[in-house]
Amino acid sequence: MQKLMKTALLLLLSGLLFGCQPTAKEYHTTLLSFGTLIDITFWGVEKDKADSVIKKVEKDLQYMHYAWHAWQPGPMGRINTLLETTASFSANPSVLAPIIKARELAISSDHLFNPAISKLIKLWGFHSDELPKGPPPAATKIKKLLAQNPRMDDITIKNVSIKSRNPHVKLDLGGVAKGYGIEQIINLLINHGIRNAIVNAGGDLKAIGRHGQRPWRVGVRDPDNKQGVLATLEVKEGESVFTSGDYERFYQFEGQRYHHIIDPRTGYPAQGTRSVTLLHANATTADAAATALFVAGPKDWQRIAKQMGITAVMLVDDKGNIYITPEMKTRVSFITPPDKLHVAIVD
Ligand code: ADP
Ligand code: MG
């Protein structure tokens, strides 16, 4: 609920910032799916046509949300129950496709993006729509799950058969589902003849075409100020912008803050990063990479970015330093020029 309110505020803010008064050419709607508000804008599409395409988008989103839920009795829930047998079984292709992609992305991130750690996410309580209240889990419990070492390369997929050699692998696509979902929706729009659109799930987005005479423009949130915008960005055709931040989902317990991005090496919320924003053509890759670079942190993100083929990145660390690649630097306009800006190369 808190997340929804934050997202609503952000939408309102970006509306005010960019003067998004709907014009005759602009069509705008907000859907609720994946536990978040999804903001869809078209340019130059007739209202009746737009309404009918949006109905299809809504149905697709509903199906994906049902299919990919880690702990509910849908296709993913079934996979999670059967993987522990270590025997192979047939699975629903609508879940296999994102798992194949997530496996590839986990490997290229050195398993810092690791959607096989669902048991750990559940232990922390971040698997449910309701935010956990704490206390944090006991160190012994975390240690036990770490020792089980679940990884995406424990999984083998052949046609529609899947198996895991490690009975402790449980999948949580939370770090990539939004990206995969946005990619699907953009493809659906293109298939229905929509040429100019932006699909924005709380700041994570992909755009096609343009907003009339100008490119699509978006705001990048300031991790220190929930309602504030750190910078603005013009989104190129077919480009995705993704952010992972420690302010997205967290709880406080006895003065300590615990957020939802878990470092698979320690079993605890990743340290050292406040937010990572990056650009990539593919929304699924962008989503996984934002999570992976967040975990990699200020010292190691360049190496992982290179491995994942990401060249436009901005990382804000817990000391207020902003690390930015030359490509990203040419793309963002800061609201207030930052004093601790460091240019860092990914080669
Ligand atoms: P958001 O969805 O808030 O934009 P992310 O894309 O970074 O943020 O995804 C965070 C979600 O991914 C968590 O809620 C959890 O379900 C899952 N997750 C947490 N840590 C990891 C990790 N190291 N690798 C893969 N998935 C993770
Ligand atoms: Mg992500």
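In which helix is the place of Gly-181? The legends below concern a predicted model, and the first of them takes up this residue.

Figure 1. Gly-181 lies in helix H7, which spans residues 177-191. The residue is buried, its relative accessible area being 3%. When residues up to four places away in sequence are not counted, Gly-181 touches Met-64 and Trp-68. Leu-96 is 85 residues from Gly-181 in sequence, and the C-alpha atoms of Gly-181 and Leu-96 are 14 Å apart in space.

**Figure 2. Packing of helix H7 with helix H8.** H7 packs with H8 (residues 283-308) at an angle of about 165 degrees, and the two axes are 7 Å apart. An angle over 145 degrees counts as roughly antiparallel, and H7 and H8 are therefore described in that way. The crossing of H7 with H8 is right-handed. From H7, the residues in contact are Ala-177, Lys-178, Gly-179, Tyr-180, Ile-182 and Glu-183; from H8, they are Ala-283, Thr-284 and Asp-287. By class, this contact has four nonpolar, two polar and three charged residues.

**Figure 3. Contact of helix H2 with helix H4.** The axes of H2 and H4 come within 10 Å and cross at roughly 75 degrees. Angles of 65 to 115 degrees count as roughly perpendicular, so this term applies to H2 and H4. Tyr-63, Ala-67 and Trp-68 of H2 meet Ser-94, Val-95 and Pro-98 of H4. The contact of H2 with H4 divides into five nonpolar residues, one polar and no charged. Trp-68 is also one of the residues that Gly-181 touches.

**Figure 4. Buried residues of helix H3.** Helix H3 covers residues 75-83, and its buried residues are Pro-75, Met-76, Gly-77, Ile-79, Asn-80 and Leu-83. Two helices, H2 (47-68) and H4 (93-108), are among the elements against which these buried residues pack. They also pack against strands E3 (89-90) and E5 (161-164).

Figure 5. With a relative accessible area of 12%, Asn-321 is buried. The side chain of Asn-321 is joined to that of His-342 by a polar contact of 2.9 Å. Apart from neighbours within four places in sequence, Asn-321 is in contact with Leu-315, Val-316, Lys-340 and His-342.

Technical notes: Residues are numbered from 1 along each chain as its sequence is written. Chains are lettered from A and ligands numbered from 1 in the order in which they are written. This is a predicted model: local features need pLDDT of at least 70, side-chain atom pairs count only at pLDDT 80 or more; totals for chains, interfaces and linings use all residues. Side-chain values use heavy atoms; hydrogens and water are left out. Axes are lines fitted to C-alpha atoms, for helices over the stretch in contact, and angles run from 0 to 180 degrees between N-to-C directions. Helices (H or I, at least four residues) and strands (E, at least two) are DSSP runs, numbered from the N terminus. Angles under 35 degrees count as roughly parallel, over 145 as roughly antiparallel, 65 to 115 as roughly perpendicular and the rest as oblique. A crossing is left-handed if the near helix is turned anticlockwise from the far one by less than a right angle, and right-handed if clockwise. Contact means heavy atoms within 4.5 Å. Ala, Val, Leu, Ile, Met, Phe, Trp, Tyr, Cys and Pro count as nonpolar, Asp, Glu, Lys and Arg as charged, and the others, Gly among them, as polar. Buried means under 20% relative accessible area, exposed over 50%, partly exposed in between (1.4 Å probe, protein chains only). A polar contact is a pair of N or O atoms within 3.5 Å; within protein, one must be able to donate a hydrogen and the other to accept it, and residues adjacent in sequence count only if both atoms are side-chain atoms.
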